Amino acid sequence: MFLAIRSERIPSGAWISCLPDRHGSVRRSASLLALLAVAAGCGTPEELSKQAEEVQSVAAEGSLLAHAASEGSTTGVFTREHAKALRKLLRKLRPAIEDRQLAGLADRTDAALERLEVGDERGPGRLEEELSSLAEAVGQLAP
Amino acid sequence: MSKIFSVALGIIAAIGGFVDIGDIVFNVAAGATFGYQLLWAVVLGVGGIITYAEMSGRVAAVSGRAVFDAVRERLGFGVGLVALVAGQLVNLLTLAAEVGGIALVLQLLAGLPYRALLVLAVLALGLVLWLMPFEWIERVFGYGGLCLLVFAVAAIKLNPDWGAVAHGFLPSTGSGDLAVYGYYVVGLVGAAMIPYEVYFYSSGAVEERWTANDLGTNRANVLIGYSLGGLLSFALMISAGALLLPHGISAELLGTTALVAQAPLGTVGLILALIGTLFAISGAAIDSAFSGAYSAAQFFGWRWGKYRHNAGAPRFTLAWIAMLVLGFSIVVTGVDPILVTELSVVFSVVALPLTYIPILLVANDTAYMGAHANGKLANTFGIFYLVVVMAIAAAAIPLLLLSNMGQG
């Protein structure tokens, strides 16, 4: 659910270390939240099937986003910002992926989302197809 | 006629003001994960908030005293202080989540840097709280939140399996991971019954100087307003279940919620969803900041109330300013507002009994309430929901851990 995201979803997201010392109480509160989050196991999933589910989810959502962009039924800002947020999800997950096939598909998904974010000259229709087939390919790794 | 008009306006504001970031997060995630299977949990939660908001509004109208007055009186200083601290921590986490949520929505609308938008959000909230009269705050954000009705249109246009939707209203143990399913039940009920809503509602009744003559307005607001507000929760879950579940999309971003309205309704759907979300969570941020100030003021016996103006209740004013500053301090660290939302809802569930037990006790006290004390129906629902609240309070933290915060 809302878990793979976490800290890296937010821009320039150093979690706690960005706080100066005089904010000790805030730092402690944030540490407590972090501890609870870790205790609840909301970090990056280690099982291949769960990692594949997350990559598949990002690719499928990217495909929907690209579809909206290709139809002109969304705003440029939303497309850019949401593609950026999806890439952050992926980047959080990426270092934990050991399976080479899944890692490759995750990298291709990230590259497609990057093109969606910056506005690919070949058009979002192509990206929709690409992300859709990536979602399908990853889906086969997540039974 | 003007009375009917005023009641109608209150109901409309209650509908638009029903949903906050916790409802959005849990309803969309539940729809994306379990489809329509958890609609019954929304009904359970809406029934709970109707039951206890009605009681707290009635107590406020009859006695002129809000929830934390009752908490202090009924639980004594020591236990009351525990309730206050627990309630304030949950208020603060909720406020932090809402402020972060406002910045995230503004980012999706304007594309500006997140931290700059956080500053803008907290300054705008501060200005609204400082300048706007209570009635305006309630109405403006309630009416703006009505844009979320776009999700009801989206749910219909996505053409869900209405048989499965109907089946979702029957309680079940669900399919899939039981711990994850239980976690969502706790989250959905907790999001609907989050304590700041009754703190704010009962204090609002005192702000608007309700008397026993306003008991009809109280009933209409909670019964009609909250029931129709609950429809927004259904719409969020149904549209997420119809769009996201078949695509295998797990709702992990606020933008995903907007996409649920965009897919069937295009740019208009997207903009309405973002604006509705912005108003709904801004209204909830104001409610939770005020709730923190109300609770502290009522517990310690300070002068309180927006109607006194800022200088007329200085400690109350400083309390809501402090809430805003602390809420901002949490999210500016870079912590994810969605993570804070989930934790705030789960912790609020743990604190629910401390809020609702005193309300039930006072609403039953004939020395306090006279002829307006709880009748059999109110007590039946009150006791039923107290059992529900105790059960989910006991299960909340174990389910948070067992389900890996809903990850399975």
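Ala313(B) is buried, because 20 other C-beta atoms lie within 10 Å. The cut-offs are these: 20 or more other C-beta atoms within 10 Å of a residue's own make it buried, 12 or fewer make it exposed, and anything in between is partly exposed, with C-beta atoms placed from the backbone. This is a predicted model, where local features need pLDDT of at least 70, side-chain atom pairs count only at pLDDT 80 or more, and totals for chains, interfaces and linings use all residues. Residues are numbered from 1 along each chain as its sequence is written, while chains are lettered from A and ligands numbered from 1 in the order in which they are written.

Where does Ala313(B) lie? Its place is the loop between helix H12 (254–300) and helix H13 (314–331) of chain B. Helices are DSSP runs of H or I with at least four residues, strands are E runs of at least two, and both are numbered from the N terminus. Leaving out residues up to four places away in sequence, Ala313(B) touches Arg303(B), Trp304(B), Gly305(B) and Arg308(B). Contact here means C-beta atoms, placed from the backbone, within 7 Å. Ala297(B) is 16 residues apart from Ala313(B) along the chain, and their C-alpha atoms are separated by 9.4 Å.

Now take chain B as a whole. It has 16 helices and 0 strands. Its radius of gyration is 20 Å, close to the 22 Å from the globule rule for 408 residues, so chain B is as compact as a globular protein of that length. The radius is taken over C-alpha atoms, and the rule is 2.2 Å times the number of residues to the power 0.38. Of the 408 residues in chain B, 63% are buried.

Next, helix packing. Two packed helices are described by the angle between their axes and the distance between the axes. H12(B) packs with helix H7 (residues 150–157) of chain B at about 170°, their axes 9 Å apart. Axes are lines fitted to C-alpha atoms, for helices over the stretch in contact, and angles run from 0 to 180 degrees between N-to-C directions. H7(B) and H12(B) are therefore roughly antiparallel. Under 35 degrees counts as roughly parallel, over 145 as roughly antiparallel, 65 to 115 as roughly perpendicular, and the rest as oblique.

Helix H2 (residues 48–71) and helix H3 (residues 76–93) of chain A pack at about 170°, with axes 10 Å apart. H2(A) and H3(A) are therefore roughly antiparallel too. Residues that meet include Leu65(A) in H2(A) and Leu86(A) in H3(A).

Terms used. Contact = placed C-beta atoms within 7 Å.
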